[in-house]
Amino acid sequence: VGLAGGVVSMTTSAAAETDAQWLSRNSEQIARADAFIGAQLADSKQFCEHTSASLCDEVFTVMQRSLNGSENSSVLLLGEAGSGKTHVVEWCVRKLKDVQRSLTVLRARGGAYATDVECVRHLASQATGQVVSAPRANASFERGLEWIRGVLAEGFRHASAVLIILERFEHFCSRARQTLLYNLFDLAQEVGVRLCIVGTSEKMDVMDALEKRIRSRFSMRHLHTFLPATMDDLISLLMTKLRLPPDSGFKQPFPKELHRRLEAALRARSPRWQAQLELGRPVAWFLGQCLPVAAVLREVCPRGRPPDDSALPPPAKRARADGAAGAAAAASPAGLPGGGGARAPLLGGLAEAEHLVMLALLRLRQRHGRAAAVTLSATLHELRHLHEGGGLVAAFSPDQYCAAFDRLLQARLVELRRGGAADSGTLYAPCWSLADHLYTELLQDLQRTSDPWLSNPLRALPQAVQQWAMRQQR
């Protein structure tokens, strides 16, 4: 048994030395590959092969049939943010342009226009290459409707096949009378243009908001995209973005060997990534952890391997109130307090506005006690005082903090009590933070002069915010 163990140990050591030697011998090519992959990911027009080939083929088939005139149909892609909706659409657009040279692609994004008139002007400028003049703001509805139909008809007349991509489709459904959508579908039949409309949305029930007169115009296929649910799916998706294309200029066998070693290094991260995957992190978050590629490859070498979570010492207990000996809470590998449960990793990915909302909730609870009813209105009032006190460059924006509050509700870092006979909505409904204890520990770390946590997310906030947050702790 001892001999067998020695043989295994020697074999593992030799393999580790081979990895280190390969990294040293190909250091220049790895640096070039890093630069190439980084530039490729930074190019917003660059879309690699999608991992779900069947979904791409299905969307492409619907588009092609509609643009060939065989049927009037459209596609609605539903899925969470980061699940690949835009990737599928752009893959199909690229393939369609190879088949139909005269294809005209028009794009609009829901929520980016104050009125339907602005959206129509944007679509018309893409179709004709000119900025069209809009009717006066006080024009009648009939006059505005006539203008919309005239501009769309003129834009469609110059194209034989038109593909309209409507991102955040739910915003177009929320417009009064859904005039824009109705005229898009109606005019396509009048002018005789071959039209296909592709919508994307994160709202699974968006079709329920469509009026019957619009649903009767076109048949709309519903297709779903999903975030990766398993580690194998995630690694497969990451490798499609990190793989060097054949025309990258690298000679074999370097690309093949790089891909093999990179995939092995990503699989070695599986134990650390599993919790983040279950929390629903988008693919972009994992992709950000894969750069530079050289650092990922070095992790498989003994000297570059990060400490295993199971080998870390357990977090020390908090110091008692009577001053008994005790160490400060240790930081987890993500830099957040140990023992925080499933919510602790979420804090590292919050934006500044979300941290400010959480800190304002903590201040209100500490000031008025746990039994006091804290509301979003009181939280906004607290944040207004912070902005008026100076130290922050940005002006106070209630909408920004309300949006941050909604994101915290979705992340289950904040709870809201609704319902009852006198439901007063979100603004005045009682709410409370579910991470007060985590923020209390983070604030205590800000005041610590010795052995601070290396990645406390509150240290990235402006100095004025840190002082404002710690003022309540004293």
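Some ground rules. This is a predicted model, where local features need pLDDT of at least 70, side-chain atom pairs count only at pLDDT 80 or more, and totals for chains, interfaces and linings use all residues. Residues are numbered from 1 along each chain as its sequence is written, and side-chain values use heavy atoms, with hydrogens and water left out.

Helix α3 is residues 53–67. Helices here are DSSP runs of H or I, at least four residues, numbered from the N terminus.

Which residues of α3 are buried? L55, C56, V59, F60, V62, M63, S66 and L67. Buried means under 20% relative accessible area, with a 1.4 Å probe and protein chains only. They cover an arc of only 160° around the axis, so they sit on the same side of α3. The arc is taken over directions from the helix axis to the C-beta atoms.

Now C56. Its relative accessibility is 2%, so C56 counts as buried. C431, at 4%, also counts as buried. How many disulfides does the structure hold? It holds 0, a disulfide being a pair of cysteine sulfur atoms within 2.5 Å. For C56, the closest cysteine sulfur is in C92, 5.4 Å away, too far for a bond.

Last, the pair. Helix α11 (residues 254–268) packs against helix α12 (residues 270–278) at about 65°, axes 6 Å apart. Axes are lines fitted to C-alpha atoms over the stretch in contact, and angles run from 0 to 180 degrees between N-to-C directions. L266, R267 and A268 of α11 meet S270, P271 and W273 of α12, contact meaning heavy atoms within 4.5 Å.

Terms used: Helix = DSSP H or I, 4+ residues; strand = E, 2+ residues; numbered from the N terminus. Expected span 1.5 Å × (residues − 1). Buried < 20%, exposed > 50% of the residue type's maximum accessible area, 1.4 Å probe, protein only.
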